[in-house]
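I am opening a notebook page on this chain and will write down what I looked up, entry by entry.

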Amino acid sequence: RILTLAPSASRRVQVQLIGHTDSEGDEQLNMRLSRERADRIASMLTAKGIPKEIIVPKGVGTTEPVRPETSTDDKQYNRSVTIRVSLFDSKQRRNR
């Protein structure tokens with residue numbers, strides 16, 4: 001719905017997908033894994049009709065945990081993708 005309303009309000013939509021991992025394993029591997037998670041969600045969104053041009057996938061590995069890992073359950077939350085939807089003035093430059 002936001003995609004339909006934004007242009008009439010002179011706004012541009014950006015969907016940032018931030019892939020996370022838990023603290024297990026090699027950091028280089030975690031960075032790749034987190035980016036792959038974000039890319040998979042990007043593919044799912046484009047398959048549902050969200051324009052690819054507004055999607056910005058990003059992998060952050062363990063650098064931006066969703067939750068501090070004090071238990072096994074906490075690690076589960078860090079194996080995820082955060083979705084941030086932003087609206088910008090349509091005259092602003094795109095951030096990629």
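**Asn78 and its surroundings**

I began with Asn78, which, leaving aside its neighbours within four places in sequence, is in contact with His20, Thr21, Asp22, Arg37, Pro65, Val66, Arg67 and Glu69 (contact means heavy atoms within 4.5 Å). Before going on I noted that this is a predicted model, in which local features need pLDDT of at least 70 and side-chain atom pairs count only at pLDDT 80 or more, while totals for chains, interfaces and linings use all residues. I also noted that residues are numbered from 1 along each chain as its sequence is written, and that side-chain values use heavy atoms, with hydrogens and water left out.

Asn78 lies in helix H3, residues 72-78 (helices are DSSP runs of H or I with at least four residues, strands are runs of E with at least two, and both are numbered from the N terminus). I looked up its accessibility too: Asn78 counts as buried because its relative accessibility is 0% (buried means under 20% relative accessible area, exposed over 50%, partly exposed in between, with a 1.4 Å probe and protein chains only).

**Chain overview**

I found three helices and three strands in the chain, and from the N terminus on they run α-β-α-β-α-β. Buried residues make up 29% of the 96 residues. Among the contacts with a separation of 6 or more, 76% are between residues 24 or more positions apart.

**Strand S1 and its partners**

I then followed S1, which pairs with strand S3 (residues 81-89) in the antiparallel sense over nine bridges (two strands pair if DSSP finds at least two bridges between them). Within this pairing, Gln14 has Ser86 of S3 as its bridge partner. With strand S2 (residues 55-59), S1 pairs in the parallel sense over five bridges, and there Ile18 stands opposite Lys58. Eight of the nine residues of S1 are buried, so the strand is largely enclosed by the rest of the structure.

**The largest nonpolar core**

I listed seven residues in the largest nonpolar core, namely Val13, Val15, Leu17, Ala38, Ala42, Ile54 and Ile55 (such a core is a set of buried Ala, Val, Leu, Ile, Met, Phe, Trp, Tyr and Cys residues joined through side-chain atoms within 4.5 Å). Strand S1 (11-19) and helix H2 (27-47) each supply at least two residues of this core, and S1 gives the most, with three.

For Leu17, not counting residues up to four places away in sequence, I noted contacts that include Ala38, Ala42, Ile55, Lys58 and Val81.
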